[in-house]
Amino acid sequence: MTDVTHSIEEEDFGPSPREILKKSILAHRSLLLGFGAIVIIVLAALLAPVLAPHDPYLQDLSIRFTPPVWQDGGSWEHILGTDHLGRDYLSRLLYGARISLTIGIGAVLISGTIGTTLGVCAGYFGGRVDMVVNYLITVRLSMPVVLVALAIVAIFGGSLNIVIMVLGFLLWDRFAVVMRSSTMQVRNMDYVQSAQAVGCSTLRIVLTEIMPNIMNNLIVVATLEMAHAILLEAGLSFLGLGVQPPLPSWGLMVAEGKEMLFFEPWLIMIPGAALFILILSINLMGDGVRDVTAPAGKN
Amino acid sequence: MTHSDTPVLELNGIKKTFMISQGLMKGTKPLYALNDISVQLNKGEVLGIVGESGCGKSTLAKILLGLMEPTSGEVLIDGQSLKGHKQLDISRRVQPIFQDPYSSLNPRKRIGDIISLPLRVHGIGDPAEHERKVIEILDLVGLPKRVLNNYPNQMSGGQRQRVAIARALIMKPEIVICDEPTSALDVSVQSQILNLLMDLKDELQLTYLFISHDLSVVEHLADRVIVMYLGRICEQAPPDRIFDEPRHPYTEALLGSVLTPEPGQGVPDTNLGASYPNPINPPSGCRFHPRCAKAMDICKSNAPMLQQINRSKVECHLYE
Ligand SMILES: Nc1ncnc2c1ncn2[C@@H]1O[C@H](COP(=O)(O)OP(=O)(O)OP(=O)(O)O)[C@@H](O)[C@H]1O
Ligand code: SF4
Ligand SMILES: [Mg+2]
């Protein structure tokens, strides 16, 4: 037995996962674009009280349907014009970003918690737990989201909190499905067995060995579901069953503008475009996160 | 290599049966992964376990590690049943080294955190002491201190396996279960890791259970070799007996396949006529008879009994 085997040659180690991640993020243009747009929208929402030139609830019927500044009759006083009650459209759009983001984030927090818990339990414990969770997923998938949401909102009345709760409790299925299969994959890795052999508790294993390895999938699903929730809220509001006036949700703004579709199309186009950009950038970011954390670039 | 004859680890009549689902509405069928295994592991010895893929080696390892309950039979550590022990007690004394160092290290954790995990879980010492011990063990397994902050994907297979060894040894266990610790590695680093394991055994006075599908690996390390086939022990003997005078036809067949050009591919069935049987429907009588060159009529109907011949124990009708 020689001592030679006791030391390895001084090799250079490859770049760390952080460095690789940083590089691939910086090289991923649509991810950066989506992320940038989201940052701008979030900032606009946070700074709405500072940025908004007017009170979004202040009505002035004498200036109703002022067109935006680039059309005949527009003025810099109301850059994006005013709505049917004479409220400043730019201010409502800025405050509306708050509503849409609150709904997206709130719904995803609820549905993500439910779905991740169910999915991770199913994937980790398997057997009966898995059967029960699969059953719950099937039950949930058999309920059409929009119809159920409409029914509940019709019964309990629409309000910001109810819309968030309803969407949160309806949109957890994709979390559960994706987290279940990712957990199953990771659970079979030897490092989980090694942690068990060391004597780690199940909770510790789930939190420190499994979660960090399925986090990327969780982020991807969370972004997609956030876009989903925001769109659903817009749909509910459009039908008059979402957020109630005078709250300036973007979906509600589209709904309120629909009567004037042929005469004042910008009333719909402006909040519609805002929604489109928000959803697009959330999706770009989700796809980007999936790309840069895909296993191909890893170990 | 000296070792006493006091068993630190004892298996008595271990059976493990998996119920395998046969598809929707078809119910389940038993798979006898381990069928009445009794082994003693003595302090300071290296016990080699050899057998084809699927013969139950890893299942045995998991039972010894306390990760799996045997269907029946008992595991004794120092004469005490494993049943009453908590996983934490077991893990102080028995630690594993797995086959695939790409799967045994969490890619999201730093090497330092991976190696110090046992200390943290068992609440041994403070962070400063953890670091000291990690650096000490890194030196012991031949890794530079600067890998502490690296991630597994920055390292080669051999380096990763050294990390896995460091993690297994940091709590100074008595027994180390090596489940094919080199078969996922490049041929060039295999012997480095084997030598390291043997050096560490002497330095830390370890007891090894060394699992392999390759008899030639075990030949140089083991004090005793167990050959397994379909969940049963078919021959048990010191390595020189196994190599000079194999008794069981299956051992002979395994020996014949040692010199294959590509190790790590499992045992080629060139000299074993039929292929490995389906463990859910094992052959009657001697389970090896469809592939055995020396099979007799009695082999198809009656299972052979264990025979002691000199220093070998064999389960085969040839010796009855
Ligand atoms: N959790 C399980 N559920 C069902 N069957 C299992 C399970 N684990 C192992 N088996 C079966 O038990 C038998 C023994 O498996 P085991 O992993 O112990 O074999 P092995 O000797 O380690 O093989 P290898 O050399 O491929 O690692 C195999 O037939 C396998 O399919
Ligand atoms: S019992 Fe018969 S079939 Fe089995 S190994 Fe011996 S000779 Fe071969
Ligand atoms: Mg195995």
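Contact here means heavy atoms within 4.5 Å. The views below come from a predicted model, in which local features need pLDDT of at least 70 and side-chain atom pairs count only at pLDDT 80 or more, while totals for chains, interfaces and linings use all residues. Residues are numbered from 1 along each chain as its sequence is written, chains are lettered from A and ligands numbered from 1 in the order in which they are written, and side-chain values use heavy atoms, with hydrogens and water left out.

**View 1. A:D190 and its contacts in chain B.** A:D190 belongs to helix α9 of chain A, residues 190-198, where helices (H or I, at least four residues) and strands (E, at least two) are DSSP runs numbered from the N terminus. Leaving aside residues up to four places away in sequence, A:D190 touches B:F98, B:D100, B:S103 and B:S104. A:D190 is buried and yet has no salt bridge, the nearest side chain of opposite charge being B:K62, 7.3 Å away. Buried means under 20% relative accessible area, exposed over 50%, and partly exposed in between (1.4 Å probe, protein chains only); a salt bridge is a side-chain nitrogen of Lys or Arg within 4 Å of a carboxyl oxygen of Asp or Glu. For charge, Lys and Arg count as positive and Asp and Glu as negative, whereas His and the chain ends are not counted.

View 2. A search of the whole structure finds 0 disulfides over all chains, a disulfide being a pair of cysteine sulfur atoms within 2.5 Å. B:C55 is in no disulfide, and the nearest cysteine sulfur, that of B:C234, is 8.8 Å away. For B:C234, the closest cysteine sulfur is in B:C286 at 8.2 Å, which is too far for a bond. B:C55 counts as buried at 1% relative accessibility, and B:C234 is buried at 6%.

**View 3. Nonpolar cores.** A nonpolar core is a set of buried Ala, Val, Leu, Ile, Met, Phe, Trp, Tyr and Cys residues joined through side-chain atoms within 4.5 Å. The largest has 59 residues, and those with the most contacts inside it are B:I115, B:I165, B:Y208 and B:F210. Helix α6 of chain B (residues 187-204) supplies the largest share of this core, 7 residues. Apart from it lies another core, of 55 residues, among them A:Y89, A:V192, A:I210 and A:W266.
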